[in-house]
Amino acid sequence: MEQLNFMIGEWVGTTKVYENGVVARQGSAYENISYDLDKSILVIELNTEFLQLHTIINYDEKDQKYYYYRFSKGGAARYPAEYKDGQLIVWRDEKTRFFFSRTQEGGFQEYGEQLINGEWTKIFEDTFKNTQ
């Protein structure tokens with residue numbers, strides 16, 4: 001779980017939703033990320049103008065894999081994830097993935113991509129600065 005320390009913080013920023021490669025909607029975003037249960041899980045609380053999510057990430061020693069548990073008003077889901085090249089990559093399915101990484105400016109970024117006609121196309125991007 002230590003690999004995910006870069007995500008910890010109270011973050012404020014902007015969310016962008018893309019349609020056909022163009023920003024279709026943009027708004028404010030807030031995210032609080034912290035450890036819980038003796039650092040065995042990472043808790044993410046995301047609030048944007050378009051989406052509210054409560055997410056828990058844990059590492060399964062048996063599977064040697066991270067799991068991303070997403071909870072929203074519409075229900076819950078579990079996706080496998082991997083830590084690679086300094087970022088967490090979550091696989092919703094073989095055609096949709098989410099990236100969590102640090103920015104060069106010391107901020108935090110999340111974005112999602114879908115495989116459309118053989119090319120990865122950005123579907124959303126959240127960019128944050130730490131308020132702490």
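How many residues lie between S3 and S4 in their hairpin? I found three residues between them. Strands here are DSSP runs of E with at least two residues, numbered from the N terminus.

**Ground rules**

I am working on a predicted model, where local features need pLDDT of at least 70, side-chain atom pairs count only at pLDDT 80 or more, and totals for chains, interfaces and linings use all residues. Residues are numbered from 1 along each chain as its sequence is written, and side-chain values use heavy atoms, with hydrogens and water left out.

**Whole chain**

I looked up the secondary structure first. The protein chain has zero helices and 10 strands. The radius of gyration is 14 Å, close to the 14 Å from the globule rule for 132 residues, so the chain is as compact as a globular protein of that length. I note that this radius is taken over C-alpha atoms, and that the rule is 2.2 Å times the number of residues to the power 0.38. The C-alpha atoms fill a box of roughly 40 × 35 × 35 Å along the principal axes.

Next came the surface. The protein chain exposes about 7800 Å², and carbon and sulfur atoms supply 44% of that area. I used Shrake-Rupley areas with a 1.4 Å probe; for residues, only the protein chains shown count as cover. Of the 132 residues, 40% are buried. Buried means under 20% relative accessible area, exposed over 50%, and partly exposed in between (1.4 Å probe, protein chains only).

I also checked contacts, meaning heavy atoms within 4.5 Å. Among those between residues at least 6 apart in sequence, 33% join residues at least 24 apart.

**The barrel**

I traced the strand order next. A closed barrel of 10 strands runs S1-S2-S3-S4-S5-S6-S7-S8-S9-S10 with antiparallel pairing. The twist averages 25° from one strand to the next. Axes for that angle are lines fitted to C-alpha atoms, for helices over the stretch in contact, and angles run from 0 to 180 degrees between N-to-C directions. Two strands pair if DSSP finds at least two bridges between them.

I then checked S1 (residues 9-19) against S10 (residues 119-130). They pair in the antiparallel sense over seven bridges. Val 17 has Phe 124 in S10 as its bridge partner.

**Around S3**

I stayed on S3 for a while. Six of its eight residues are buried, so I logged the strand as mostly covered. Eight bridges join S3 to S2, antiparallel. Tyr 30 stands opposite Asn 47 of S3. The S2–S3 hairpin has four residues between its strands, and Leu 37 in the turn has a positive phi of about 50°.

**Core**

I looked for the largest nonpolar core: 24 residues. Such a core is a set of buried Ala, Val, Leu, Ile, Met, Phe, Trp, Tyr and Cys residues joined through side-chain atoms within 4.5 Å. Leu 4, Met 7, Ile 57, Leu 88 and Phe 100 have the most contacts inside it. Strands supplying at least two core residues each include S2 (22-36), S3 (41-48) and S8. Beyond four places in sequence, Leu 4 is in contact with Tyr 35, Leu 42, Ile 57, Tyr 66, Tyr 83 and Leu 88.

**Thr 96**

Last, I picked Thr 96, in S8 (residues 96-102). Is Thr 96 buried or exposed? Thr 96 is buried, because its relative accessible area is 2%. Its contacts beyond four places in sequence are Val 90, Trp 91, Glu 113, Gln 114, Trp 120 and Ile 123.
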